[in-house]
Amino acid sequence: MLWVVAALLIPVLGMLVLYFLQFLGPAASFVGLVCAVVPFVVVWFAIRYIDRWEPEPRRLMVFAVAWGAIASVALALLVDGALRRAVGGSSDVFGAVIQAPLVEEVGKGLGVVLLYAFARRFFDGPVDGIVYGALVGAGFALTENVQYFAISYLEGGPAEVATTFFLRAVLSPFAHVMFTSLTGFAFGLAARRSLGLGAALRYGIPGLIGAILLHGLWNGSAVLFNFFELYATLQVPLFVLFICAILALRREEARLTRARLGEYAAAGWFTPQEVDMLATGAG
């Protein structure tokens, strides 16, 4: 089923490329793509570090990025276009604080749901959920950044691009990653309990609501408050807490690995040295 979905993403990708070329032009789109790749690469290696203990299949990681970069962006554009035709658009505050977080996080969350439903064998716990959610968020941010950097180039040239790059690639490369990670984390808790998809939604929906609220808070800090004050006093502490939680989850994975392999060693299937090799970072 995931291969079917991936095949359906190809024509959607073609439409997105045409959209960028038509409305932004080849030169601006190229500048946007080059600038957007830089924070994406940083985020990719950070996620790979988180995932190092029990790596997910590369094909599923690529699928997660593709869903975020293509499907969730297309869904957001379709909803935005439909609202503009139906009610003539929405206010900047409503669009930024309510519409965008709701539509974008639901679109990204669907990618996590697909992975949980059709790649359950590789969805083992909270860390896996964070990795998949983070990759979906990174894919979405990649495409969104292409648009932001391209528009900056058209409106203000290199100087405006540099300002936008500082705001989006230096100050907030992990914003979308952190939002959607909450959805993934919630489904990861369900996976740890070996729940079916229907039962897992009892965990996933609260996680999705958390992602929407965190996304809305982020956008609201830009349109309703002083962004830099709220960034320093709230967003940075939240991000530090996010990192600490991930490190704690990785330590728990290591502890579980050592405990389970220790049982095999006690039964004579492994030597203690082999357990050290498989259950420690150095090993």
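Is Arg-168 buried or exposed? Arg-168 counts as buried, because its relative accessibility is 19% and buried means under 20% relative accessible area, with exposed over 50% and partly exposed in between (1.4 Å probe, protein chains only). Before going further, please note that this is a predicted model, in which local features need pLDDT of at least 70, side-chain atom pairs count only at pLDDT 80 or more, and totals for chains, interfaces and linings use all residues. Residues are numbered from 1 along each chain as its sequence is written, and side-chain values use heavy atoms, leaving out hydrogens and water.

Let's stay with Arg-168 for a moment. Its partner in a salt bridge (a side-chain nitrogen of Lys or Arg within 4 Å of a carboxyl oxygen of Asp or Glu) is Glu-144, with the closest N and O atoms 2.7 Å apart. Glu-144 is buried too, at 13% relative accessible area. Both residues are among those nearest the centre of the largest pocket, together with Glu-104, Tyr-148 and Asn-219.

That pocket holds about 1,400 Å³ of space. Here a pocket is an open set of points on a 1 Å grid over the protein atoms alone, where a 1.4 Å probe fits, with protein on both sides within 12 Å along at least five of seven lines; lining residues have an atom within 4 Å of a point. The volume is the space filled by probe spheres set on the points. The lining has 49 residues, and helix H5 (126-170) gives the most, with 17 residues. Helices are DSSP runs (H or I, at least four residues), numbered from the N terminus.

Now turn to the largest nonpolar core, which has 60 residues. Such a core is a set of buried Ala, Val, Leu, Ile, Met, Phe, Trp, Tyr and Cys residues joined through side-chain atoms within 4.5 Å. H5 gives the most here as well, with 15 residues. Leu-115 is one of the residues with the most contacts inside the core. Beyond its neighbours within four places in sequence, Leu-115 is in contact (heavy atoms within 4.5 Å) with residues including Leu-60, Phe-63 and Phe-123.

The whole structure has five salt bridges. In helix H4, Lys-108 and Glu-105 lie three residues apart, about one turn of the helix, and their side chains meet at 2.7 Å, N to O. Lys-108 is buried at 0% relative accessibility, and Glu-105 is buried at 0%. Arg-255 and Glu-252 meet in a salt bridge at 2.8 Å, but here Arg-255 is partly exposed at 45% and Glu-252 partly exposed at 31%.

Terms used: Helix = DSSP H or I, 4+ residues; strand = E, 2+ residues; numbered from the N terminus.
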